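Please read each point alongside the sequence and coordinates displayed below.

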Amino acid sequence: MRNIFLFIRRYFNFLTFLVLQVLSLYLIVHYNRYHEAMFDNTANNITGKVNEQYNKVEYYFQLKRTNDSLIKANEVLYNKLKSNFDLPDSATRTQVDTIKIDSLTQYRKITYLHTKVVSNSVSTPSNYIVLSGDNVKKLKAGMGVADANNAVVGIITEVNGNYAVVMSLLHKDSHISGKLLKGGEVGTLSWDGKQPNILTLNNIPKSAKVAKGDTIITSGLSTTFPKGMMLGRVEEVLAETATNNFKIKFHTAANFYNLEFAYAIMNDQQEPVNKILDKLKKQQQ
Amino acid sequence: MSSLVKNIIRFILFIFFQHFVLDKISLHQMITPYVYFLFIIWLPFKMPRTWLMFIAFLLGFTLDSFRHQPGFHAAACVLIAYIKPFLVNMLIPQEGADTNYQEPSIKSMGGPLPYFIFIAVLCLLHNAWLFFLEAWQFGNIWYFLIKTILSTAISILLIFITELVFNRKQKFRTNTI
């Protein structure tokens, strides 16, 4: 027994070193489990608050750019107004359905909630965005996030208190599905960690017709994003030699360098759909 | 100003500078400029090694919290905190020079060359261990090697600029009394 104490005393520094290293490695490996337990309340709220204060200063330098992007978003919305379109034939009489089942609110599937981007990075291999604002309390993990011009930015991974953490598209574990607007082929997005704003679309068969400048949109195959949101434009088409697939490099529609505001996308069907999927998964096990 | 207050202010400034200035710069995917661990290098000679490692862990963990990926920087910081006293013993020219001055600097290490070696070894170790842990998830050896070498060069450059800009006045304390 005495020898053990002597040993510990003699190599105390080295043992402390080992313990701290193992603790760090444990945090890296068990990131997710730890994440839910402890990170939620303390660390996230503190860093969130610091980021928010800093962002208040930084926001002033971005005002001009933010304004420009809002003007553009407004333009798109104005162009969708009903009063911009003439009726095709004024002679036909419009019939009004008297059964009042059809109301707008009843069929609303998607709600956009505005939030403020408090922290954002593009330089690491796994980037996260932090959102704050009044709407954060309504957010849930698994919701999609779009920028001011309705281009995809990422998916919410965690919400606690006044802050929501979003896994950016610029994250090595971020895999959402994308679709070619022209042909309709669906593939999976990934980021190689190299250039911010350049992503890869995988699993597109070589039979697809793709050219530089083609639009890539969300597929709508999950409840995270509605169909037809802008993802980006094709930059380069590479043919994989081993498989029958293309590897398409594309430029993201969202500019990750200067995110100021973001919209969280609340899908009312998300919960029932996920319930069914979970049930199926359980049955298969 | 007491050493404790000075170091607390330094801690906060280094973390803020790293997170709000250097992390916003994306020079190239292979270069990540790091300077925050200069805090550990500047800690006093006399500090017990156990304390040194705990403070280093805290520093790394704070930066990790800002980046939402716990563990990476903490591991790298603990490593250099453990190695630092060995290097000081090896590089200090004459006996007892580390009792004459409080902190490592060009003057207290006995010239630019020993200090440069001191900085370079710690930078290399920090970046190598950090990028090794990152590359372990990516699984690419060239990514790891090139990133380590380029980032270390930038780190050393930044540290020397910091040394030039912030001239730390080191009092000479005799140990004859």
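1. Burial and surface of chain B. Of the 177 residues in chain B, 55% count as buried, where buried means under 20% relative accessible area, exposed means over 50%, and partly exposed lies in between (1.4 Å probe, protein chains only).

2. Basis of the values. This is a predicted model, in which local features need pLDDT of at least 70 and side-chain atom pairs count only at pLDDT 80 or more, while totals for chains, interfaces and linings use all residues. Residues are numbered from 1 along each chain as its sequence is written, chains are lettered from A and ligands numbered from 1 in the order in which they are written, and side-chain values use heavy atoms, with hydrogens and water left out.

3. Chain B contains seven helices and zero strands, helices (H or I, at least four residues) and strands (E, at least two) being DSSP runs numbered from the N terminus. The order of its elements from the N terminus is α-α-α-α-α-α-α. Where contacts (heavy atoms within 4.5 Å) in chain B join residues at least 6 apart in sequence, 72% of them join residues at least 24 apart.

4. Chain A in outline. Chain A has six helices and twelve strands. Of its 285 residues, 40% count as buried. For contacts in chain A between residues at least 6 apart in sequence, the share joining residues at least 24 apart is 59%.

5. Extent of the interface. Chain A contributes 38 residues to the contact and chain B contributes 34. About 3,200 Å² is buried between chain A and chain B, and carbon and sulfur atoms give 69% of this area; buried area is the accessible area (1.4 Å probe) that two parts lose on being put together, summed over both. On the side of chain A, the residues that lose the most area to chain B are A:F17, A:L20 and A:I28, together 17% of what that side buries.

6. Which polar interactions join the two chains? Between chain A and chain B there are seven residue pairs in polar contact (both at pLDDT 80 or more). A polar contact is a pair of N or O atoms within 3.5 Å; within protein, one must be able to donate a hydrogen and the other to accept it, and residues adjacent in sequence count only if both atoms are side-chain atoms. Zero salt bridges are found across this interface, a salt bridge being a side-chain nitrogen of Lys or Arg within 4 Å of a carboxyl oxygen of Asp or Glu. The elements giving two or more residues to the side of chain A that touches chain B are helix 2, helix 3 (31–39), helix 4 (42–79), strand 1 (110–120) and strand 2 (126–132) of chain A. Helix 2 of chain A supplies the largest share of that side, 13 residues.

7. A residue of helix 2. A:T16 is placed in helix 2 of chain A. This residue counts as buried, at 8% relative accessibility. Leaving aside residues up to four places away in sequence, A:T16 touches B:T50, B:M53 and B:F54.

8. Salt bridges. Over all chains the structure holds nine salt bridges. One of them joins A:D192 and A:K249 (3.3 Å, N to O). A:D192 lies in the loop between strand 7 (186–190) and strand 8 (198–205) of chain A and A:K249 in strand 11 (residues 245–252), so distant parts of the chain, 57 residues apart, are linked. A:D192 is partly exposed, with a relative accessible area of 32%, whereas A:K249 is buried at 18%.9. The side chains of B:E103 and B:R10 form a salt bridge (3.3 Å, N to O). B:E103 is in the loop between helix 5 (97–100) and helix 6 (112–138) of chain B and B:R10 is in helix 1 (residues 3–21) of chain B, so the pair ties together parts that are 93 residues apart in sequence. B:E103 and B:R10 are both buried. Salt bridges link B:K6, B:R10 and B:E103 in a network.
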